[in-house]
Amino acid sequence: YCVYGPKGDYTFHSELYGENVIYRPPPVLQKLAEEKFAFLPSEPMEYKDDKTLAKDIYDYLYKYADYPDEFRRLDVWYAKLTWVYDLFPILPYRRALGDTGRGKTRWAITLGAICRLGYIQGAATSAAPVFRLSDIIRGTAIIDENYFSLKTEAGQAIIAILNSGYSKTMGCVMRCVGDRHYPTPFVTYGPKIIAARRPFPDEATENRTI
């Protein structure tokens, strides 16, 4: 954890102590970051003002991903939205549509790397970790088109997350957990970056994307 001090200084801590509770970073997030499947900031930096920050984000996107300028300008604001998304009752998903070899995955990784707690939703992930990652990390999921095939259990899990995760009030899925199969909610609300070759077959999901 990075703890901001009253004099503008900051310190790093492996754990924090509260009243009758100890806060520790999720081990799975640490492992994902070490293997470059999650993107975390290394340290806080002064960004001067909002206009300067927007230009820095734009220049970064221009340097590492080649795509139309109108969408790059949109992504400046979407990246900023991900850092305060929990202040809003609903939010859209950001998606790139295009054929194979058009740079969709490159775009998704480039944008996701500067979003809040961006993490890659692995293609070989089974359904159970899909829900748990969403619930534990509460960040920006980076989803490639291969991940949400309705022919796989994991793909169906991704679609369930997309159908519910746009709304803070509706943003959870229920699954039975443990030997007693106790119903447990998993939070799915949060920003998502999606690379796809074709639109979603479900109209509701399609309407939740930009």
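User: Which residue lies over the face of Tyr 67?

Analyst: This is a predicted model, in which local features need pLDDT of at least 70, side-chain atom pairs count only at pLDDT 80 or more, and totals for chains, interfaces and linings use all residues. Residues are numbered from 1 along each chain as its sequence is written, and side-chain values use heavy atoms, with hydrogens and water left out. A charge sits over a ring if NZ of Lys or CZ of Arg is within 6 Å of the ring centre and within 35 degrees of the ring normal. At 4.9 Å from the ring centre of Tyr 67, the residue is Arg 72.

User: Is the pair of Tyr 60 and Tyr 64 stacked, edge-to-face or tilted?

Analyst: Rings of Phe, Tyr and Trp (its six-membered ring) pair if their centres lie within 6.5 Å; planes under 30 degrees apart count as stacked, over 60 as edge-to-face and the rest as tilted. The centres of Tyr 60 and Tyr 64 are 5.3 Å apart and the planes are at 50°, so the pair is tilted.

User: Is Phe 12, which pairs with Tyr 10, buried or exposed?

Analyst: The pair of Tyr 10 and Phe 12 is edge-to-face, with 5.7 Å centre to centre and 80° between the planes. Buried means under 20% relative accessible area, exposed over 50%, and partly exposed in between (1.4 Å probe, protein chains only). Because its relative accessibility is 52%, Phe 12 counts as exposed.
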